[in-house]
Amino acid sequence: MIKAEWFYWLVGLSFLVMAARMVTDRSNPKRLGTGAFWGLIGAGFIYSSWVLTKQAPAEPLGVAVLLMAALAGFGFTGRGIPRTTTPEERTASAARLGNKLFVPALTIPVVAMACAIGVKHLSFGGQPVLQEGSETILGLGIGAVVALAVGMIMLREKRISVPVESGRSMLETMGWAMLLPQMLATLGAIFQVSGVGDQVGKLTTSVLPKDSLYIAVVVYCVGMFAFTLIMGNAFAAFPVMTAAVGWPVLIGHFDGNPAAVLAIGMLAGFCGTLVTPMAANYNIVPAALLELKDQYGPIKAQLPTAGVLLGCNIVLMAVFAF
């Protein structure tokens with residue numbers, strides 16, 4: 001049986017290999033701090049397996065998170081010059097392949113879907129081929145490995161160091177912002193456990209008219225938008241607003257369809273993702289990668305779309321969820 005744990009080990013090993021390359025890259029004036037930051041992440045992916053099985057204490061992971069926050073917060077990470085293909089080589093490859101360059105990227109969702117729908121039903125020796133309950137995440141991991149192989153074959157690249165260096169360059173360019181979605185999703189779970197959702201729910205229900213369905217729909221969708229705007233991630237806003245309005249009011253009181261209410265509510269939250277600097281990997285990092293003069297350019301361009309989509313989600317929920 002292919003276990004999800006193996007995928008996390010592979011991710012951790014990838015981070016460790018790239019961290020080792022960062023440490024040896026003398027073109028990066030902050031190579032030690034950069035290598036330590038990504039090395040701690042890689043070690044965390046592997047070490048956490050023993051934490052989950054109660055074979056190791058969780059405290060070292062907490063220490064690692066604090067060290068990573070210190071390394072990023074005090075500016076101990078930087079960028080080097082990746083030892084990869086030249087711009088001329090990449091331009092020549094792009095001209096030769098054209099739209100075929102999208103094949104490796106599209107390979108990932110195709111393989112992930114095949115694993116989640118088809119391979120999950122296969123078994124060998126009485127055991128499922130993929131670990132039960134982890135078919136989607138395993139499909140994503142297998143798809144990434146297959147896409148890497150497909151890309152190297154298409155580009156006629158025999159050196160594994162080239163994708164490693166390109167990946168390292170991307171990590172250094174994105175920096176700590178790459179981890180922001182995971183951190184914010186964790187923050188949402190902490191808010192829920194600490195009772196923030198319950199308190200927001202009490203405040204909301206005390207002001208909402210008892211029999212006004214459409215006002216409740218607007219409050220839930222706009223609340224998802226606003227909390228995502230503040231927290232930077234719809235997954236962080238979801239447990240708070242769902243515990244406050246979505247489940248007790250829209251589903252419990254107005255007997256809404258749970259799948260429709262929660263799915264459209266999440267889409268309303270994604271509208272907030274389009275317009276918040278807190279979603280750095282979506283809005284701030286692209287501006288840096290493309291070297292835009294205005295770092296808020298993506299947000300300004302996406303603002304009208306976000307507003308229209310939020311209105312559409314409100315209408316969809318009001319019409320189809322009840």
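Guide: Helices here are DSSP runs of H or I, at least four residues long, numbered from the N terminus. The model is predicted.

Visitor: Which helix holds Thr273?

Guide: The helix in question covers residues 258-273. Thr273 falls within that run, in helix α12.

Visitor: Is Thr273 buried or exposed?

Guide: Buried means under 20% relative accessible area. Thr273 has a relative accessible area of 11%. That value is under the cut-off, so Thr273 is buried.

Visitor: Which residues is Thr273 in contact with, leaving aside its neighbours within four places in sequence?

Guide: Contact means heavy atoms within 4.5 Å. With neighbours within four places in sequence left aside, the partners of Thr273 are Thr228, Ala234, Ala279, Tyr282 and Asn283.

Visitor: How is Leu290 classed, buried or exposed?

Guide: Leu290 sits in the loop between α14 (285-289) and α15 (297-320). Its relative accessible area is 61%. Exposed means over 50%, so Leu290 is exposed.

Visitor: How many Å apart in space are Leu290 and Ser14?

Guide: In sequence, 276 residues separate Leu290 and Ser14. In space, C-alpha to C-alpha, the separation is 25 Å.

Visitor: Which residues form the nonpolar patch on the surface?

Guide: The patch has about 470 Å² of accessible area together. Helix α1 (residues 4-23) gives the largest share, 3 residues. The members are Ile2, Trp6, Tyr8, Trp9 and Trp50.

Visitor: Where is Ile2, and how does Ile2 count in accessibility?

Guide: Ile2 is placed in the segment before α1. Its relative accessibility is 30%. Buried is under 20% and exposed is over 50%. The value for Ile2 lies in between, so Ile2 counts as partly exposed.

Visitor: How many helices and strands does the protein have, and what share of its residues count as buried?

Guide: The secondary structure comes to 15 helices and 2 strands. The protein has 322 residues. Of these, the share that count as buried is 39%.

Visitor: Among contacts between residues at least 6 apart in sequence, what percentage join residues at least 24 apart?

Guide: The C-alpha atoms fill a box of roughly 65 × 60 × 45 Å along the principal axes. Among contacts between residues at least 6 apart, those joining residues at least 24 apart come to 73%.

Visitor: How many Å apart are the mean positions of the positive and negative charges?

Guide: The protein has 20 positive and 15 negative charges. Their mean positions are apart by 8 Å.

Key: Residues numbered from 1 in each chain as written. Predicted model: local features only at pLDDT ≥ 70, side-chain atom pairs only at ≥ 80, totals over all residues. Heavy atoms only, no water. Buried < 20%, exposed > 50% of the residue type's maximum accessible area, 1.4 Å probe, protein only. Lys, Arg positive; Asp, Glu negative; His and termini not counted. Charge placed at Lys NZ, Arg CZ, Asp CG, Glu CD. Patch = residues over 30% accessible without salt bridge, like charges linked within 9 Å, V, L, I, M, F, W, Y side chains within 5 Å. Areas by Shrake-Rupley, 256 points an atom, 1.4 Å probe, with all protein chains shown as cover. Salt bridge = Lys/Arg side-chain N within 4 Å of Asp/Glu carboxyl O.
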